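Have the sequence and the 3D view open side by side as you go.

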Amino acid sequence: MTSAGDGTTDVDALDAAFAETVRRTGASIGALYLLAPDERELFLDVLCGAPADFAAPWARVSSAAPAPVAEAVREDRLVWAGSQEELARSYPRTAMALPYPLALAAAPVVGVRRWGTLLLMWPATRPPYMTQRERGNITSSCRRLARLLEEAVANGRLPAPGVRPRVIAAGLGRRSAGPARAAEDFIERLPGGSCALDLEGRFAYLNSGACELLGREAGQLLGTLPWQSLRWLDDPTYEDRYRAAVITREPVAFTACRPPDHWLDFHLYPDDSGISVRIVPSGGQAPPAPAPRSAESTAAPSRAARLYQLTHLAAALTEVVGVQDVVDLVADQIMPAFGARSLVLSTADAGRLRITGYRGYAPHIIERLDGLPLDTTFTPAGQVLSSGLPAFFANQEEMRRTYPAASLVSGKQAWAFLPLIVSGRPVGCCILSYDRPHDFPAEERAVMTSLAGLIAQALDRARLYDAKHDLAHSLQQALLPRTLPAVPGLRVAARYLPATRGMDIGGDFYDLIRLGETAVAAVIGDVQGHDAAAAALMGQVRTAVHAHSALGTSPDQVLAATNRLLTDLGTELFTSCLYVHVDFAARRVSLASAGHPPPVRRLSEHETRPVDVPPGPLLGIDPDAVYPVTDIPLTAGLMLVLYTDGLIETPGVDLDDSINALAQHLAEADTNDLDRLIDTLVGKAGSNWQRTDDVALLVLHHTPRGP
């Protein structure tokens, strides 16, 4: 980055401000995430208080992910989790990947634009709440970071995603080294062994007692990771204890066996600069835990890091719903986790591989690869699907030897072909590719292969969900009116919004029925449930209401007749319904309700309120139910908003308060364009994003008739 004007660079100034923020807040770990240029994901730019490998599973986070760092910048608010239990309730995926006692805050870094998120973590020893002063300090620090980022852009350099985040220290220069010789003598006099690890986990110091107990010379261990230089510590359980010490900043202890039968107790004491370790012979009998494996030394990232990465990605795969969700997750999280630059995800369909999603390839290449037979020999996909075994090609030469045409078409330098198999049945193929030659270590191959099985399960579930959704959605759309009739003197607009969770369908409906030249009927209802049965019953209710309305019966009789039909059918689903009869000749509006929320009436900006309509029972309960009729005058400019409860129901909020809030929003809204009015009402009600219920709206606006 360019100079900041005082001999330091923009990145130096940013790092210094970030480190100062971590120190002032007392956080043990800090991370600064920045939004990528397309704002689809956040990338980890700076890390403090933990090694980079710890953050590998979260180096890139989708902006839409249910995670604190994404939600903070997405909703422009500070996210606080004061305990592991609170984190598990609100963000189960994050809690699964961080199974330690801790407190966490994520704050948006916002200036002239959204820049990203500041993440801070504390040991569980801090109070489980955040004071107003702490919130103010964090907010002001975020503004300072935003200003430094804006200065960097003004100097001609926008921070860009790097291969690894920068790792800095929060407390440089705060301690005095002291008399080094006296300290060494003091440590040598202590019984047992003493050693020090840096935050990366590497040996920084060992006394003679530690070397004796560990069975190695100091020169063989300094600068190495214990689980790599000491094979008997090469077990994820021991590395996890080290990770717990770094993240929680709490003392940790464990027992391990140095072959053949020397049991040792390890006591870890962490702080911001590293970990002090005491090693003493274990007393009494050895613990019942199995002895560590004597495996070959592993390369970075470590085995425990890979396990955490696998756990994090597996948790993410359990939350996907449709096929596009699977594609987005693989592209946004799994592909970056392995450093891949391109992706092709195919599904098996009618004996061919149909590409359902891709990244990093030109469209003409995808056209060439789409629709290949399952047993194709053009690419390795056919072989991996028939054998069920993945194939890895570290460079073009390896690919060219067996599949010469594929390497030319692809234009990539390394590939991982992962078969997606469910119960012996091919579901598809996931291809990760690289722009440079890439070796695939054994650990990485194992994690990729494990993830392929999870991707296959998720993709199979997603295809089934999409098929059911498409069927039910087609049924529902066929039952709702395609268009509403034009009625002189009446402006009309309607909207149906499906739930964003579950089957994405429901039983909400609306209709507008012309009754001759001088009258019209408007109806809105809500059938209990969110499945195909609810959609089918909705069609029956709408048909019944339409048929009885055409006979010219009054609103109470229309609902009573429909109610008798539903009780005769013996359905277990109940229905709310509001029927409105508009008589232009009599200048009157008659309303009857079967347990439905009241409509909101607007005469002018100063007179907007719910209409008091005494409700009768829900349809389908009592065959002898009576539905009172309410009459109001039909005046010029009268507007009625009919809606279902999905628009107004909010957990913890009284229903009457929600209805009054809707009336207030209607009073303040611009009514010139009814479609825009509906957009406003839906947005004000907070129903644009997550909806657990479907929503139907029908707006009627009486205007004087033309000649």
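## Starting at a loop

Where is arginine 249 found? Arginine 249 sits in the loop between α10 and β10; helices (H or I, at least four residues) and strands (E, at least two) are DSSP runs, numbered from the N terminus. Arginine 249 has a positive phi of about 55° although it is not a glycine. With a relative accessible area of 10%, arginine 249 is buried; buried means under 20% relative accessible area, exposed over 50%, and partly exposed in between (1.4 Å probe, protein chains only).

You'll find arginine 587 in the loop between β22 (575-583) and β23 (588-594), and at 38% relative accessibility it counts as partly exposed. For background, most residues other than glycine have a negative phi, and most peptide bonds are trans. On the peptide side, a cis bond joins proline 259 and proline 260, with omega at about 5°. Proline 260 belongs to the loop between β10 and β11.

## What kind of model this is

This is a predicted model, where local features need pLDDT of at least 70, side-chain atom pairs count only at pLDDT 80 or more, and totals for chains, interfaces and linings use all residues. Residues are numbered from 1 along each chain as its sequence is written, and side-chain values use heavy atoms, with hydrogens and water left out.

The mean pLDDT of the chain is 83, and 88% of its residues reach 70 or more; pLDDT is the predictor's confidence in each residue, from 0 to 100.

## The chain as a whole

The secondary structure comes to 21 helices and 29 strands. Of the chain's 707 residues, 50% count as buried. Among contacts with a separation of 6 or more, 62% come from residues 24 or more positions apart.

Five strands form an open, antiparallel sheet in the order β9-β8-β12-β11-β10; two strands pair if DSSP finds at least two bridges between them. At the edges are β9 (203-206) and β10 (252-258), each pairing on one side only. From one strand to the next, the twist averages 25°.

Inside the sheet, β8 (residues 193-197) and β12 (residues 275-281) pair in the antiparallel sense over five bridges. Look for serine 194, which stands opposite arginine 278 in β12. Helix α10 (residues 236-248) packs on the sheet, touching β10, β11 (262-270) and β12, and its direction makes about 160° with that of β10. Axes here are lines fitted to C-alpha atoms, for helices over the stretch in contact, and angles run from 0 to 180 degrees between N-to-C directions.

## An enclosed strand

Why is β28 (residues 639-643) largely enclosed by the rest of the structure? Five of its five residues are buried, so the rest of the structure largely encloses β28. Met639, Val641 and Tyr643 lie on one side and Leu640 and Leu642 on the other, all buried. In a regular strand the side chains alternate between the two faces of the sheet.

β28 pairs with β29 (residues 695-702) in the antiparallel sense over five bridges. Tyrosine 643 stands opposite leucine 697 in β29.

## Two helices up close

Helix α20 (residues 655-668) has 14 residues and reaches 20 Å from its first C-alpha to its last, close to the 20 Å expected at 1.5 Å a residue. That expected span is 1.5 Å times one less than the number of residues. The buried residues of α20 are Ser658, Ile659, Leu662, Ala663, Leu666 and Ala667.

Leaving aside neighbours within four places in sequence, glutamate 71 is in contact with Asp76, Arg77, Val79 and Tyr91.

Methods
Contact = heavy atoms within 4.5 Å.
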